[in-house]
Amino acid sequence: MKKFKKLLALSFCLVVLTALISSCSKDDDNNGPREVEFKVTASSNASISTVVYSNAQGQANTLTSVTGSTWSTKVTANADVQSVSVGANATATDDSGVLRVQVLVNGQVVKESESKGKILTATATHLFID
């Protein structure tokens, strides 16, 4: 359980750091809003417990009462947001559990990450680069 708490804290730190970085805007940013979708999928023997994702302003939203093996949401990221991320935690009934997180921009997967085992943590961050 200590390992799970450490992994959870680490994933939250990564998402918060990404949100802080994304809140800094460039003066010459001409990009418009972006359609972003976050997807979290766990194997059938695993249940998602926590999801952290970037909102339209690039700030972290935390959901702590997630249940089931799938979760997703869509946001329209403001033009000044430089990065978006998603992180999730899940627990499986045995070591064959799998957790996958994905960031999609305009319907295309631009970043994904996967975790395997009984205690699962995965994060993915996408940087918008001109």
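**Figure 1. Y53 counts as buried, at 11% relative accessibility.** Buried means under 20% relative accessible area, exposed over 50% and partly exposed in between (1.4 Å probe, protein chains only). This is a predicted model: local features need pLDDT of at least 70, side-chain atom pairs count only at pLDDT 80 or more, and totals for chains, interfaces and linings use all residues. Residues are numbered from 1 along each chain as its sequence is written, and side-chain values use heavy atoms, with hydrogens and water left out. Which ring pairs with Y53 in a tilted arrangement at 5.2 Å centre to centre? The partner is W71, with 45° between the planes. Rings of Phe, Tyr and Trp (its six-membered ring) pair if their centres lie within 6.5 Å; planes under 30 degrees apart are stacked, over 60 edge-to-face, the rest tilted. Y53 belongs to strand β2 and W71 to strand β4 (residues 70–77), so this pair ties together parts that are 18 residues apart in sequence. W71 is buried, as is Y53.

**Figure 2. F38, Y53 and W71 form one aromatic cluster.** The whole structure holds 2 aromatic pairs. F38 sits in strand β1 (residues 34–42) and Y53 in strand β2 (residues 46–54), so the contact ties together parts 15 residues apart in sequence. Strands here are DSSP runs of E, at least two residues; helices are runs of H or I, at least four; numbering starts at the N terminus. Is F38 buried or exposed? F38 is buried, because its relative accessible area is 0%.

**Figure 3. R34 places its charged end over the ring of F128.** The distance to the ring centre is 3.9 Å. A charge sits over a ring if NZ of Lys or CZ of Arg is within 6 Å of the ring centre and within 35 degrees of the ring normal.

**Figure 4. Strands β6 and β7 pair in the antiparallel sense over 8 bridges.** Strands pair if DSSP finds at least two bridges between them. β6 spans residues 98–105 and β7 spans residues 108–116. Within this pairing, R100 has E114 as its bridge partner in β7. In a regular strand, side chains alternate between the two faces of the sheet.

**Figure 5. N106 has a positive phi in the hairpin of β6 and β7.** The hairpin has 2 residues between its strands. N106 is found in the loop from β6 to β7. Its phi is about 50°, although N106 is not a glycine. Is N106 buried or exposed? N106 counts as exposed, because its relative accessibility is 55%.

**Figure 6. R100 and E114 meet in a salt bridge, 2.6 Å from N to O.** A salt bridge is a side-chain nitrogen of Lys or Arg within 4 Å of a carboxyl oxygen of Asp or Glu. R100 lies in β6 and E114 in β7, so the bridge ties together parts that are 14 residues apart in sequence. R100 is partly exposed, with a relative accessible area of 34%. E114 is also partly exposed, at 36%.

**Figure 7. Shared partners join R100, E112, E114 and K116 into one salt-bridge network.** How many salt bridges does a search of the whole structure find? The search finds 3. R100 and E112 are linked at 3.8 Å, N to O. R100 in β6 and E112 in β7 are 12 residues apart in sequence, so this pair ties those parts together. E112 is partly exposed, at 44% relative accessible area. K116 bridges to E114, with the closest N and O atoms 3.7 Å apart. K116 is exposed, at 62%.

**Figure 8. Helix α1 (residues 2–22) has the lowest mean pLDDT among the elements of the chain, at 53.** pLDDT is the predictor's confidence in each residue, from 0 to 100. The highest mean belongs to β6, at 97. Residues 20–30 have a pLDDT below 50. Beyond near neighbours in sequence, this stretch makes 14 contacts in the model, a contact being heavy atoms within 4.5 Å. The chain averages 84. A pLDDT of at least 70 is reached by 75% of the residues.
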